[in-house]
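Hello,

Here is the structure we talked about. Please open it and keep it beside this note as you read.

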Amino acid sequence: MKNPILVVNSGSSSMKYQLIDPDDGQAVTTGLIERIGVSGAEPGRATHRQDGETFEFVGDIPDHAAALGVMKGLFDRAGRPIERSGLVGVGHRVVHGGSRFGDPTLIDAAVLAEIKELSVLAPLHNPANAIGIEQAMIAFPDVPQVAVFDTGFFRNLPLAAATYAIDRAVAAANQVRRYGFHGTSHQYVSEQVSQFLGRDDLRQIVLHLGNGASASAIRGGRAVETSMGLTPLEGLVMGTRSGDIDPGVVFHLARTAGLSIDEIDALLNRRSGMLGLTGVSDFRDIESLIDGGDADAALAMDVYCHRLRKYIGAYLAVLGGADVITFTAGVGENAGGVRARVLAGLEGLGVVLDPERNAGRSSAARVISTDDSPVTVMVVPTNEELAIARATLTLVR
């Protein structure tokens, strides 16, 4: 590897990592460490894939420092010690950059402190991101550490799109605005579409549909609107998140159900969305339920697709039409039935899906609309880790 980059995504009880060569785009190693700091009968577990082989660790993983030790040990077992890999940088996914951070940023003590301060805007994510950064700085003291922010691509949204209509003094004092998330994915995918079609002036709608889901409107490479807001809760129906909801529901649940703010937070973030409507969040399970005649699952799918169609219509208006609509992430890339449901009946808006192309499977970017469709519809696999690796290499160079 010419310029190996280690990409780290730290969660509160998990850590994902990849060793990537940004020049050829290949992930030489991928790993997932789970149940970090989680007590109970089930131990921690790590899975490390390299050179076609899988290496595992099962045992106590009390904290993120121990997790990095497990990671190093697995690299050693696989015959590629990370200390001898010529590592040129460590790229970290950081969920929230607030108004302060947009571009990838070299991490020092001051930057790390600010990432921690931004935990008030992302209490479920930034603290874990910061812990992972701290431990990586200890584990690799001589290697540059770079933060790549989920909110970065949307940092310069037009003010009309970024501003909420609440008391401006309250909003300013509490950093309340639309920030948007999944920015690394939206930027990567939109750039891939431009390269694929050979145009940089495209009006694009990108639909990132995974367990978390978001939509964006992009004109000429610049984001002009996105569905997620102050937090990742706003917008589309997701695996466990409600997406758009009347704010009055929060007051209603507090007053009539006696739920606390924390309980409502957990309800809307962890027990809503497709899980709340069906009891499961995996779309393969939901499709099986629908095939078996489950009315709740059928309604949930209708709700999911209806919300998506609303956003597509809104973004067509924001952009004054679209040149391309692109599906990405786990559901967007693999669920042809969802894509067909979402786009059905939009022929009058210039969206004509080709059923055979849509039903096909491929790991490459592809067009799934008809040749004469005024709006091109594409499926483009996202690769946030590669985008983080490339951003890290560009900065450390």
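Two strands pair if DSSP finds at least two bridges between them. Keep that in mind for the sheet below. One caution too: this is a predicted model.

The sheet. Six strands form an open sheet with mixed pairing. Their order is E11-E10-E9-E12-E14-E13. The edge strands are E11 (222-226) and E13 (366-367), and each pairs on one side only. Strand E10 (residues 213-219) runs antiparallel to E11, and four bridges join them. Look for Ala 217: its bridge partner in E11 is Glu 225.

Helix H11 (residues 295-319) lies across E9, E10, E11 and E12. H11 runs at about 160 degrees to E9. Tyr 311 and Tyr 315 both lie in H11, four residues apart, which is about one turn of the helix. Both are buried.

Aromatic pairs. The structure holds five. In one of them, Tyr 17 and Phe 75 sit 6.0 Å centre to centre, with 40 degrees between the planes, a tilted pair. Tyr 17 is in strand E2 and Phe 75 in helix H1, 58 residues apart, so the pair links distant parts of the chain. Both residues are buried. The ring planes of Tyr 311 and Tyr 315 are at 80 degrees, so that pair is edge-to-face. Their centres are 5.7 Å apart.

Two packed helices. H6 (residues 183-197) and H15 (residues 384-396) pack at about 90 degrees, with axes 9 Å apart. They are therefore roughly perpendicular. Thr 184, Ser 185 and Tyr 188 are the contact residues of H6. Those of H15 include Leu 386 and Arg 390. By class, the contact has four nonpolar, two polar and two charged residues.

Best wishes

Notes
Residues numbered from 1 in each chain as written. Predicted model: local features only at pLDDT ≥ 70, side-chain atom pairs only at ≥ 80, totals over all residues. Heavy atoms only, no water. Axes fitted to C-alpha atoms, helices over the stretch in contact; angles between N-to-C directions. Parallel < 35°, antiparallel > 145°, perpendicular 65-115°, else oblique. Contact = heavy atoms within 4.5 Å. Nonpolar A, V, L, I, M, F, W, Y, C, P; charged D, E, K, R; others polar. Phe/Tyr/Trp six-rings, centres within 6.5 Å; stacked < 30°, edge-to-face > 60°. Buried < 20%, exposed > 50% of the residue type's maximum accessible area, 1.4 Å probe, protein only.
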